[in-house]
Amino acid sequence: MKELVVNGMCIAPSVVETVVTRAVSEIEGVTKLIAPNAAATGFVGALTGAKNTPQKVVSAVDENDQLRIAVRIEAVYGNPLPELAARVREAVANAIATQIGVPVGAVDVYVDSMQFNA
């Protein structure tokens, strides 16, 4: 997997995934991160150049030298999705800023599944 270069620092995508996974695991209303299925397209496919990617977290560097992160989650039914996505974005951006020290330009949240009896 290609390293990410942000502000002159090389970061392995697995490091970003570890930080993001930990941050998301602490959010009430999210049961887990989900790897996309074989039909996954859109931003994740555009970042990786493939339609099927096993990563639960996909990261890239945008034109402003900031990280752009995509996460796929399973949500607990009863949590309003816009508010849940906002909490995920905030937690991910804060964790990246604290642990890695690089700017986050965007966090795209995909709700791929919902759990009804958590």
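**Close-up views of the salt bridges**

Three salt bridges are counted in this predicted model, a salt bridge being a side-chain nitrogen of Lys or Arg within 4 Å of a carboxyl oxygen of Asp or Glu. Residues are numbered from 1 along each chain as its sequence is written. Local features need pLDDT of at least 70, side-chain atom pairs count only at pLDDT 80 or more, totals for chains, interfaces and linings use all residues, and side-chain values use heavy atoms, leaving out hydrogens and water.

**View A. Glu 26 pairs with Arg 22.** Here the N to O distance is 3.7 Å. Both residues are exposed (over 50% relative accessible area; buried is under 20%, partly exposed in between; 1.4 Å probe, protein chains only).

**View B. Asp 108 meets Arg 68 in a salt bridge.** Their closest N and O atoms are 2.9 Å apart. Asp 108 belongs to strand β6 (residues 104-115) and Arg 68 to strand β5 (residues 67-76), 40 residues apart; strands (E, at least two residues) and helices (H or I, at least four) are DSSP runs, numbered from the N terminus. Asp 108 is buried at 19% relative accessible area, while Arg 68 is partly exposed at 31%.

**View C. Asp 112 and Arg 72 form a salt bridge.** The N to O distance is 2.6 Å. Asp 112 sits in strand β6 and Arg 72 in strand β5, so this pair also ties together parts 40 residues apart in sequence. Arg 72 is buried, at 9% relative accessibility, and Asp 112 is partly exposed, at 36%.

**View D. Confidence along the chain, as pLDDT (the predictor's confidence in each residue, from 0 to 100).** The chain averages 85. Helix α3 (residues 81-99) has the highest mean, 96, and helix α2 (residues 43-48) the lowest, 57.
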